[in-house]
Amino acid sequence: MTGSSRWKVAAVVLMPLIGLLLPVRADEHEHTYTDKEEVVLWMNTVGPYHNRQETYKYFSLPFCEGTKKTISHYHETLGEALQGVELEFSGLDIKFKEEVMQTTYCEIDLNKAKREAFVYAIKNHYWYQMYIDDLPIWGIVGEADENGEDYYLWTYKKLEIGFNGDRIVDVNLTSEGKVKLVPNTRIAMSYSVKWKKSDVKFEDRFDKYLDPSFFQHRIHWFSIFNSFMMVIFLVGLVSMILMRTLRKDYARYSKEEEMDDMDRDLGDEYGWKQVHGDVFRPSSHPLIFSSLIGSGCQIFSVSLIVIVLAMLEDLYTERGSMLSTAIFVYAATSPVNGYFGGSLYAKQGGRRWIKQMFIGAFLIPAMVCGTAFFINFIAIYYHASRAIPFGTMVAVCCICFFVILPLNLVGTILGRNLSGQPNFPCRVNAVPRPIPEKKWFMEPAVIVCLGGILPFGSIFIEMYFIFTSFWAYKIYYVYGFMMLVLVILCIVTVCVTIVCTYFLLNAEDYRWQWTSFLSAASTAVYVYMYSFYYYFFKTKMYGLFQTSFYFGYMAVFSTALGIMCGAVGYMGTSAFVRKIYTNVKID
């Protein structure tokens, strides 16, 4: 570990503590300033407009820095480091409420290599991002003429900053000073600052970055209404069919109970009651199954809590705050994983509970970290800012081993002791019942493939808005919609898996555990297929790095969604199966 890496790790750990110990002063962290106090302009990243995640350090292009002394910036949150935020001081001298006329702050000695770097950036529509008081600003590097023969660099940054009292509430950038790129010349870079009084409240200063016309479009409202009507229809249909069918089943089974043994033997016995001795038989591969159920319950808890926090707090106003919050909540909800996974494994008679706990604790982190590790190699090859620093990797590993694992252990112990007893309403036969032949569309493989269609249909419009906010330049803020869609998804998933399980049991096939999980989890397959459509028809992404980043993390997202849906479907179906076998009299 190099000296530089050691300092980065120390900075990640110590900076928050130092911030608590130092006296409070007016700066960009407090978002309050006194007259003529320094205002820092941070240069973040630069990259192709169509590849939002392919970003590089701003000074990886041969821009020159201002004359003011450099200020170091450390990643203040884990989310910042993971999202590739690389703030570097611009060197521009800006003071609160002090206007600056057009001033040259440096000159670029344009040799052939530097010109080629700028030409490449202009050809690929490179944009750069800056921050003033946590407010993002975007600018374009340059442009080409109509023939694509001559290339021009924007050299004049015209900043207009709005203030309300002692707070900055608005920042606008105008790029001017178009200069042709000619080798072996010197290009002067200049800036100006104009301050103006604004009526915008500090709490509302991010509203200009939102896009209500996009997120609150009639199509969005219509999709929510359509999904809601689907829920009403499904719940009504499931309730009506199952109540009527189950009533007939109960009546038939009661009539059979009144028959003597001879009549019962001659009778035509069929239906879900016949598998009562096998329906609560442990699933195949109980260790993996219980780990998936525990992980799915945890993902659902994380999704619910993060959405509620996002509704209460504007997490999009702070760099990396959404990712940092998700990581913290995931670590804090580890007992949920251990409780549900450990209790289910104990009910199914599992004895290697320590192995199950380790698999449950590291299933999702290993999947995410494995994908990130693979993409990190490509990011390092590209020298992209998305390359995760070594100190951040150490921090994530520490969270996994010293937070997630112990909390998962606590949950597993509680789950095994509080609800780990196999209190099934029916005894399990010693010898498994043979599964009779059935029609092809009643096979578990067919049910699994068809089970995810309706849940996907209830969310695919929302997927478009979520994809656009993450892969394009939109800020997602309508978390009320997301909460409603999550509720609708859970209801539709439970209804579909209950119907699928009922038909499976009626065909005297008792392998319902994996079928209920996989039929709900197959929603992820349709989401991942939709991501292919979105990539080729809704974006203009290109290149190895952006493509691997997109499909790698879409695979992670789809898998996590599938595990969550599978766990929700299984939990709902498990309650249904327990209920119907509790209400029927069995010898």
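This is a predicted model: local features need pLDDT of at least 70, side-chain atom pairs count only at pLDDT 80 or more; totals for chains, interfaces and linings use all residues.
Residues are numbered from 1 along each chain as its sequence is written, and side-chain values use heavy atoms, with hydrogens and water left out.

Let us start with the overall view. The C-alpha trace spans about 105 × 50 × 45 Å along its principal axes. The secondary structure comes to 17 helices and ten strands; helices (H or I, at least four residues) and strands (E, at least two) are DSSP runs, numbered from the N terminus. Of the 587 residues, 50% count as buried, where buried means under 20% relative accessible area, exposed over 50%, and partly exposed in between (1.4 Å probe, protein chains only). Among contacts between residues at least 6 apart in sequence, 82% join residues at least 24 apart; a contact means heavy atoms within 4.5 Å.

Now to the interior. In soluble globular proteins, nonpolar side chains tend to be buried together. A nonpolar core is a set of buried Ala, Val, Leu, Ile, Met, Phe, Trp, Tyr and Cys residues joined through side-chain atoms within 4.5 Å. The largest one here has 145 residues, and Ile94, Val141, Ile168 and Tyr581 have the most contacts inside it. A second, separate core has six residues, among them Trp42, Val85, Leu87 and Phe89.

Next, the domains. The assignment, which is of the automatic or database kind, gives domain 1 (28-209), domain 2 (210-268 + 442-586) and domain 3 (284-424). The C-alpha centres of domain 1 and domain 2 lie 46 Å apart. Where they meet, twelve residues of domain 1 are in contact with 15 residues of domain 2. The area buried between these two domains is about 1300 Å², with carbon and sulfur atoms giving 51% of it; buried area is the accessible area (1.4 Å probe) that two parts lose on being put together, summed over both. His50, Arg52 and Gln53 supply 47% of the area that domain 1 buries against domain 2, more than any other three residues. The count of salt bridges between domain 1 and domain 2 is zero, a salt bridge being a side-chain nitrogen of Lys or Arg within 4 Å of a carboxyl oxygen of Asp or Glu.

Two loop residues make a handy pair to look up. Asn124 is found in the loop between helix H3 (112-123) and strand S5 (126-132), and it counts as buried because its relative accessibility is 15%. Leaving out residues up to four places away in sequence, Asn124 touches Pro48, Tyr49 and Tyr542. Thr67 sits in the loop between strand S2 (56-57) and helix H2 (78-82), and it counts as exposed because its relative accessibility is 74%.

Back, then, to H9. Helix H9 (residues 334-347) has 14 residues. Its buried residues pack against helices H7 (286-312), H8 (321-332), H10 (353-382), H11 (390-419) and H17 (544-582). Ser334 is buried, with a relative accessible area of 0%. Ser334 and Leu407 are 73 residues apart in sequence, yet 5.5 Å apart in space, C-alpha to C-alpha.

Terms used: The expected span of a helix is 1.5 Å times one less than its number of residues.
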